[in-house]
Amino acid sequence: MRIFKFIFPFLYARNWHTGAQELSRPRVALFSAMLFLILLGVLMTLLLQTPVTYKAAFL
């Protein structure tokens with residue numbers, strides 16, 4: 001858990017009463033949504049850049 005806290009310190013907020021760092025649910029939700037949108041954009045880019053091949057249909 002220390003490595004996660006070291007890599008993502010912006011996901012933690014200080015508790016007003018105890019002064020300890022706690023995982024902030026709104027920050028985690030926003031970070032997850034941002035990560036999902038970035039991955040969706042990369043996936044769409046990869047799919048939309050595939051070449052289109054046309055094949056003549058025999059009648």
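User: In which element is Y12 found?
Analyst: This is a predicted model, in which local features need pLDDT of at least 70, side-chain atom pairs count only at pLDDT 80 or more, and totals for chains, interfaces and linings use all residues. Residues are numbered from 1 along each chain as its sequence is written, and side-chain values use heavy atoms, without hydrogens or water. Strands (E, at least two residues) and helices (H or I, at least four) are DSSP runs numbered from the N terminus. Y12 lies in the run of residues 12–14, which is strand 1.

User: Does Y12 count as buried or exposed?
Analyst: Buried means under 20% relative accessible area, exposed over 50%, and partly exposed in between (1.4 Å probe, protein chains only). Because its relative accessibility is 9%, Y12 counts as buried.

User: What distance separates the C-alpha atoms of Y12 and V28?
Analyst: Y12 and V28 are 16 residues apart along the chain. Their C-alpha atoms are separated by 8.7 Å.

User: Which residue joins its side chain to that of N15 in a polar contact?
Analyst: N15 is placed in the loop between strand 1 and strand 2 (21–23). With a relative accessible area of 19%, N15 is buried. Its side chain makes a polar contact (N or O atoms within 3.5 Å, one able to donate a hydrogen and the other to accept it; residues adjacent in sequence count only if both atoms are side-chain atoms). At 2.9 Å, the partner is E22.

User: Does L48 count as buried or exposed?
Analyst: L48 belongs to helix 2 (residues 25–48). Among the elements of the protein chain, helix 2 has the highest mean pLDDT (97); pLDDT is the predictor's confidence in each residue, from 0 to 100. L48 has 68% relative accessibility and therefore counts as exposed.

User: What is the radius of gyration of the protein chain?
Analyst: The elements run α-β-β-α from the N terminus on. The chain is more spread out than a compact globule, because the globule rule gives 10 Å for 59 residues and the chain is well over that. Its C-alpha atoms fill a box of roughly 75 × 20 × 15 Å along the principal axes. The radius of gyration (over C-alpha atoms; the rule is 2.2 Å times the number of residues to the power 0.38) is 22 Å.

User: What share of the residues in the protein chain is buried?
Analyst: The protein chain holds 59 residues. Buried residues make up a share of 7%.
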